[in-house]
Amino acid sequence: MTDGLGPSGAAGTVAAAGQGGAVAGDLEVHGLSVRARERVLVDDVSWSAPAGRITALVGPNGAGKSTMLRAIVGVVPERGRRDGRVLLG
């Protein structure tokens, strides 16, 4: 599912709420792509994880699960580039 936002190159938008720095709300990922050198590691991924629910990210070895999680938290592979938006709120 794509929202048509296209690459933004921005680090994303994070909205935090609650006590003790806890984040309340859903996790939303829109158009997330990760590229390193000439390779596309994650391509145009959009999904959401509802607050208060357990959500699993599953797939075979080498499918990009760890790369996607690193991109969501803002840590991309060396010489990599992340496009898309990550929203908490």
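This is a predicted model: local features need pLDDT of at least 70, side-chain atom pairs count only at pLDDT 80 or more; totals for chains, interfaces and linings use all residues.
Student: Of the contacts in the protein chain with a separation of 6 or more, what percentage comes from residues 24 or more positions apart?

Tutor: The elements to be brought together are one helix and three strands, where helices (H or I, at least four residues) and strands (E, at least two) are DSSP runs numbered from the N terminus. Among contacts with a separation of 6 or more, the share from residues 24 or more positions apart is 62%.

Student: In what pattern do these elements follow one another along the sequence?

Tutor: Strands β1 and β2 form a hairpin with two residues between them, and Arg37 in the turn has a positive phi of about 55°. Read along the sequence, the chain follows the pattern β-β-α-β.

Student: Which residue in β2 is the bridge partner of Leu32?

Tutor: Two strands pair if DSSP finds at least two bridges between them. In β2, the bridge partner of Leu32 is Val45.

Student: How many residues apart are Asp83 and Arg35?

Tutor: Their side chains meet in a salt bridge at 2.9 Å, N to O, the term being used for a side-chain nitrogen of Lys or Arg within 4 Å of a carboxyl oxygen of Asp or Glu. The pair links distant parts of the chain, with Asp83 in strand β3 (residues 80-88) and Arg35 in strand β1 (residues 27-36), and the separation is 48 residues.

Student: Does Asp83 count as buried or exposed?

Tutor: Buried means under 20% relative accessible area, exposed over 50%, and partly exposed in between, with a 1.4 Å probe and protein chains only. Because its relative accessibility is 2%, Asp83 counts as buried.

Student: Which residues do salt bridges with shared partners join into one network?

Tutor: Side chains of opposite charge can pair when their charged atoms come close. Arg35 is partly exposed at 29% relative accessibility, and Arg81 is partly exposed at 46%. Asp83 also meets Arg81 in a salt bridge, at 3.2 Å, N to O. Salt bridges that share partners therefore form one network of Arg35, Arg81 and Asp83.

Key. Residues are numbered from 1 along each chain as its sequence is written. Side-chain values use heavy atoms; hydrogens and water are left out. Contact means heavy atoms within 4.5 Å.
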